[in-house]
There are 2 protein chains.
Amino acid sequence: MTSELSLIEALRGIAGSPAARGLMDDAAVLEFGGEKLVLTLDTLVESVHFLPDDPPSSIAWKLVAVNASDLSAKGAEPVGCLYSHALGDDAWDRAFLDGLAEACAHFRLPLLGGDTVRMPEGAPRSFSLTALGRAAARAPSRTDAKPGERVWVSGTIGDSGLGLAVLSGREAAPEHAEWLTTRYRCPCPETRLGPALAPWVSAMMDVSDGLLIDAQRMADASGAALTISAESVPLSAAFRATTGDDLDARLMAMTAGDDYGLLFTAAPEHTMRIREIAAALDCEVSAIGTVGAGSGLSLHYRDQPVPLPATLGYRH
Amino acid sequence: MTSELSLIEALRGIAGSPAARGLMDDAAVLEFGGEKLVLTLDTLVESVHFLPDDPPSSIAWKLVAVNASDLSAKGAEPVGCLYSHALGDDAWDRAFLDGLAEACAHFRLPLLGGDTVRMPEGAPRSFSLTALGRAAARAPSRTDAKPGERVWVSGTIGDSGLGLAVLSGREAAPEHAEWLTTRYRCPCPETRLGPALAPWVSAMMDVSDGLLIDAQRMADASGAALTISAESVPLSAAFRATTGDDLDARLMAMTAGDDYGLLFTAAPEHTMRIREIAAALDCEVSAIGTVGAGSGLSLHYRDQPVPLPATLGYRH
């Protein structure tokens, strides 16, 4: 199978428009009518991005949430969405639409159109959604991390990945199990955070495939070195109660996908403002590292360098 | 399986934005930055919208062409596209990208972004593309056919459907077979026609599922009666040479999908202008019927009413 990376390399050859941002970013940013139109498209495939027995309403929720997260990461206010629906049986489809309606309302992404398609018998379902947003003056790219800046992340890391592990049989206390699996099935990023932070950050992207792999992508795209302090990575109480809080648990959190927090860098003088903006939205933000000259990703734990794990996150 | 119709009914409940046009039209039309942003999303699924052994470059071409056709039908100039790629083997994907690059250039739809997804083993491929366009003052809807207007169609009808039949074993002379199958695999609508016609037409849509089913949809959406004269429906020389030119052949043409011509209505006084616009773009346009008061679709052949066939076109 073609790797995602080699395909994207080949696609870059045909995506020469500046709006495509060299296919390096979470979203396209197009000047339209004197405004910045932000566009993102994400597809969820059964047995790849969701489990066959996930509740249909949660699959629809996730489809909207992952795209809303991309818009937020570009500092964009939501405008609307279009999606492609793979027809199934009536009860399943109705439940899916219930979740879609709820998510479109929650993430302020009114449904504008789309397509419905019949699938061959037995084919896995797949759903594509295109979300549109409007960015203010600046739509932060993942390419702009600069030496001397701090690296930040919003929310807690690893909950969704642990939720998936629980659904696959890992043990957890019942009160944590439900919270963690909900994080996997119904991620709920605070999408007002990205637009609020946009004027004060340099690089920004969402954490979708794992903190380490996404941080490495930001480092590579920026031509800078990112160093992350493993002990500063925010873990939820449910995560810590289930896995403990040693380096192994932290590595598991940092390499798990589907977090949908924001990863961003900012000059140290914006620290207070960033904390105030997050507090006003009742969001947690954590300074987890620094940007330096050089290239690539490094990891520290209690001031000691730690080798990067073999797998940094989820690769499609 | 849920029918497309009942799903769209349910979706209407959650697509209340005026930009969604009640999900009645080929595309969404959104005011953005003081301009009209036209958005369409179409998905092609293996064994449903294309054949497993279709050349990959032609599948990519068709994916772009069908969306470009929707933009044209709303009078929109192409702006760009995003698409979702289902990863396959390397040679197949490369050939697909070759076709994509060619089609994006031909239809002036630069690639702005998208997504790549891994599919489970053995799953049919599917590809979703979202195309963006910019409409001038008016983006004609399919809802505006008015009594007293003429019904027009561009191009010839039925070639693509006959091409599919040839690929499935129907006999045709070799010189026609190749032309017809190319019409199926690589539809090539003249997408400058829609924007040029937009100021002079009332209702407009593209013919994608079959002339009769699409004309019925226009009649229903407009709350008017459309009458089509079967003998006026334009057939290509290759079609006539392969099927003959009697009413049965014409019914076959009018119920076949994948034409991607434009179906539109216009006041009789615009007839000369419409012909001139089409001639300047080297396009064929044919007046094939009339709009009257009332509702629904009627068919005539040589001034006699003809019962509508049981199947008016392709239903997803």
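Hi everyone. Chain A is divided by its domain assignment into domain 1, residues 4–135, and domain 2, residues 150–306. Please keep in mind that this is a predicted model.

Let's start with how those two domains meet. Their C-alpha centres in chain A lie 22 Å apart. The contact draws on 26 residues of domain 1 of chain A and 22 residues of domain 2 of chain A. How much area is buried between domain 1 and domain 2 of chain A? About 1800 Å², with carbon and sulfur atoms giving 56% of that. On the domain 1 side of chain A, the residues that lose the most area to domain 2 are A:Lys62, A:Ser69 and A:Ser72, which together make up 25% of what that side buries.

There are polar links here too. Between domain 1 and domain 2 of chain A the count is 2 salt bridges. If you look at A:Arg185 and A:Asp54, you'll see their side chains meet in a salt bridge, 2.8 Å from N to O. Across the interface of these two domains of chain A, 9 residue pairs are in polar contact. Which elements of domain 1 supply at least two residues each to the side touching domain 2 of chain A? Those are helix 2, residues 56–73, and strand 3, residues 76–86, of chain A. Helix 2 of chain A gives the largest share of that side, with 10 residues.

Next, two annotated residues. An unreviewed UniProt entry carries the annotation "binding site" for A:Asp42 and A:Asp115. A:Asp42 sits in strand 2 of chain A, residues 35–45, and A:Asp115 in strand 4 of chain A, residues 111–117. Are they buried or exposed? A:Asp42 has a relative accessible area of 17%, so it is buried, and A:Asp115 counts as buried because its relative accessibility is 12%. Both also reach over to chain B: A:Asp42 touches B:Asp115, among others, while the contacts of A:Asp115 include B:Leu41, B:Asp42 and B:Thr43.

Now over to chain B, where B:Thr40 lies in strand 2, residues 35–45. With a relative accessible area of 1%, B:Thr40 is buried. Its side chain makes a polar contact of 3.2 Å with the side chain of B:Asp70, and the contacts of B:Thr40 include A:Leu82 from the other chain.

Last stop: helix 4 of chain B, residues 159–167. Among its buried residues are B:Leu162 and B:Val166. The cover over the buried residues of this helix includes helix 5, helix 8 and helix 9 of chain B. After helix 4 of chain B comes B:Gly169, whose phi is positive, near 120°.

Definitions and conventions
Residues numbered from 1 in each chain as written. Chains lettered and ligands numbered in written order. Predicted model: local features only at pLDDT ≥ 70, side-chain atom pairs only at ≥ 80, totals over all residues. Heavy atoms only, no water. Helix = DSSP H or I, 4+ residues; strand = E, 2+ residues; numbered from the N terminus. Buried < 20%, exposed > 50% of the residue type's maximum accessible area, 1.4 Å probe, protein only. Polar contact = N/O pair within 3.5 Å; in protein donor to acceptor, adjacent residues only side chain to side chain. Contact = heavy atoms within 4.5 Å. UniProt positions renumbered as here; feature names shortened; annotations may be inferred. Domains from an automatic or database assignment. Buried area = accessible area lost by both parts, 1.4 Å probe. Salt bridge = Lys/Arg side-chain N within 4 Å of Asp/Glu carboxyl O. Lists of a residue's contacts leave out its neighbours within four places in sequence.
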